[in-house]
Amino acid sequence: MILGIGVDIVHLPRIASLITRRGPERLAKRILSKEELKEFKLINQERQLIYLGSRWCIKEAVYKALYPVHKLEWKQVSVVKQDNKPNLDIVNGKLYGILKSHVSLSHDGDYAIAQVVLEG
């Protein structure tokens with residue numbers, strides 16, 4: 001059974017503006033889980049925008065898939081790569097009834113878009 005579907009699109013210059021105002025480390029600490037933050041610290045500066053923009057987009061899509069029944073916070077969702085594809089690790093996911101998740105991410109030019117399907 002599908003619990004929810006979420007879609008989000010991010011204009012990457014908006015994320016670049018946040019990075020410029022707050023610094024990449026501050027924004028990363030705000031939205032990334034501990035595991036993602038460790039990975040973020042290992043990537044070079046030119047990939048930081050795509051990394052943060054992609055995570056922002058995926059996490060927003062997860063939030064939309066569960067809202068209004070559950071309201072997640074940024075750090076409750078971790079994006080981990082398996083076989084070069086994004087997968088989700090959602091804190092308390094089983095309590096929310098999530099048994100399986102599907103993520104699709106694409107970015108082109110100034111935009112990143114993510115779709116999330118959560119199954120129970």
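Which residues is E36 in contact with, leaving aside its neighbours within four places in sequence? The legends below take up this residue and other sites. The model is predicted, so local features need pLDDT of at least 70 and side-chain atom pairs count only at pLDDT 80 or more, while totals for chains, interfaces and linings use all residues. Residues are numbered from 1 along each chain as its sequence is written, and side-chain values use heavy atoms, with hydrogens and water left out.

View 1. E36 is in contact with I31, Y51, R55, K59, V77, S78 and V79, leaving aside its neighbours within four places in sequence; contact means heavy atoms within 4.5 Å. With a relative accessible area of 1%, E36 is buried (buried is under 20% relative accessible area, exposed over 50%, partly exposed in between, with a 1.4 Å probe and protein chains only). Helices (H or I, at least four residues) and strands (E, at least two) are DSSP runs, numbered from the N terminus.

**View 2. S33 in the loop between helix 2 (24-31) and helix 3 (34-40).** S33 counts as buried, at 4% relative accessibility. Its contacts, leaving aside neighbours within four places in sequence, are K59, K75, V77 and S78.

**View 3. Helix 1 (residues 12-22) against helix 2.** The two axes come within 6 Å and cross at roughly 115°. That makes helix 1 roughly perpendicular to helix 2. Axes are lines fitted to C-alpha atoms, for helices over the stretch in contact, and angles run from 0 to 180 degrees between N-to-C directions. Angles under 35 degrees count as roughly parallel, over 145 as roughly antiparallel, 65 to 115 as roughly perpendicular and the rest as oblique. I15, L18, I19 and R22 of helix 1 meet P24, R26, L27 and R30 of helix 2. By class, this contact has five nonpolar, no polar and three charged residues (Ala, Val, Leu, Ile, Met, Phe, Trp, Tyr, Cys and Pro count as nonpolar, Asp, Glu, Lys and Arg as charged, and the others, Gly among them, as polar).

**View 4. Helix 1 packed with helix 4 (residues 45-66).** The axes are 10 Å apart, at an angle of about 115°, and the two helices are therefore roughly perpendicular to each other. Helix 1 contributes L12, R14, I15, A16, L18 and I19 to the contact, and helix 4 contributes L49, I50, L52, G53 and W56. The classes here are nine nonpolar, one polar and one charged.

**View 5. The open sheet of three strands, in the order 1-5-4 with antiparallel pairing.** Two strands pair if DSSP finds at least two bridges between them. Strand 1 and strand 4 (100-108) stand at the edges, each with a single partner strand, so one side of each is left without a neighbour in the sheet. The twist averages 10° from one strand to the next. Strand 4 and strand 5 (residues 111-119) pair over nine bridges, and the bridge partner of H107 in strand 5 is A112. Helix 1 lies across strand 1 and strand 5, at about 70° to strand 1. Helix 4 packs on the sheet, touching strand 1, strand 4 and strand 5, and its direction makes about 145° with that of strand 1.

**View 6. V10 in strand 1 (residues 2-11).** V10 counts as buried, at 1% relative accessibility. Not counting residues up to four places away in sequence, V10 touches I15, G53, W56, C57, D110, Y111 and A112. V10 and P68 are 58 residues apart in sequence and 21 Å apart in space, C-alpha to C-alpha.
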